[in-house]
Amino acid sequence: MIKSIIGGFILSFILLLGCTIANVNSETVFFAVFILLVGLAIIISGVAVSGDRMKANLATEAKTDKKWRITNSVNLMLAAAPVLGVFLLIHYFI
């Protein structure tokens with residue numbers, strides 16, 4: 001989990017450096033990347049479906065598949081946290 005947070009900080013640094021070099025609005029880029037990471041986490045975790053479908057999926061999937069889904073969705077959310085933090089810093093202080 002610490003690797004995901006560090007990865008989020010590295011991603012934020014690369015995005016900030018790329019936006020500075022390309023002279024692009026960094027606020028928009030950070031927000032888009034944050035939405036993308038959270039969207040991927042939602043898709044992987046399977047919470048964007050109805051309750052009946054989720055119940056059916058949980059009843060038929062193996063424990064290793066469930067563990068993989070939960071682990072990867074948590075890691076994506078943890079990687080999105082530093083991106084959100086940098087976005088908020090840029091939005092309010094710059």
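## Starting with Ser12

Which helix does Ser12 lie in? Ser12 lies in helix 1, which covers residues 2-22; helices here are DSSP runs (H or I, at least four residues), strands are E runs of at least two, and both are numbered from the N terminus. A quick word on ground rules: this is a predicted model, where local features need pLDDT of at least 70 and side-chain atom pairs count only at pLDDT 80 or more, while totals for chains, interfaces and linings use all residues. Residues are numbered from 1 along each chain as its sequence is written, and side-chain values use heavy atoms, with hydrogens and water left out.

Is Ser12 buried or exposed? With a relative accessible area of 3%, Ser12 is buried (buried is under 20% relative accessible area, exposed is over 50%, partly exposed is in between, with a 1.4 Å probe and protein chains only). Setting aside neighbours within four places in sequence, Ser12 is in contact with Phe30, Pro82, Val83 and Val86, where contact means heavy atoms within 4.5 Å.

## Helix 1 against helix 4

The axes of helix 1 and helix 4 come within 7 Å and cross at roughly 40°. Axes are lines fitted to C-alpha atoms, for helices over the stretch in contact, and the angles run from 0 to 180 degrees between N-to-C directions. Helix 1 and helix 4 are therefore oblique to each other; angles under 35 degrees count as roughly parallel, over 145 as roughly antiparallel, 65 to 115 as roughly perpendicular, and the rest as oblique.

The crossing of helix 1 and helix 4 is right-handed, meaning the near helix is turned clockwise from the far one by less than a right angle, with anticlockwise giving left-handed. On the helix 1 side, the contact is made by Ser4, Ile5, Gly8, Phe9, Leu11, Ser12 and Leu16. Helix 4 brings Asn75, Leu78, Ala79, Pro82, Val83, Val86 and Ile90. By class, that contact has 10 nonpolar, 4 polar and no charged residues. For the classes, Ala, Val, Leu, Ile, Met, Phe, Trp, Tyr, Cys and Pro count as nonpolar, Asp, Glu, Lys and Arg as charged, and the others, Gly among them, as polar.

## Helix 2 against helix 4

Helix 2 (residues 26-45) and helix 4 (residues 63-93) have axes that come within 8 Å and cross at roughly 165°. That makes helix 2 roughly antiparallel to helix 4. Their crossing is left-handed, and the residues in the contact split into 19 nonpolar, 5 polar and 2 charged.

Ser45 is found in helix 2 and is buried, at 18% relative accessible area. A polar atom of the Ser45 side chain lies 3.1 Å from the backbone oxygen of Ile42. Not counting residues up to four places away in sequence, Ser45 touches Arg69 and Ser73.

Tyr92 is in helix 4 and counts as exposed, at 61% relative accessibility.

C-alpha to C-alpha, Leu84 and Arg53 are 31 Å apart in space, and they are 31 residues apart in sequence.

## The loop at Asn23

Asn23 sits in the loop between helix 1 and helix 2 and is exposed, with a relative accessible area of 73%. Phi of Asn23 is near 55°, a positive value in a residue other than glycine. Most residues other than glycine have a negative phi.

Technical notes
Polar contact = N/O pair within 3.5 Å; in protein donor to acceptor, adjacent residues only side chain to side chain.
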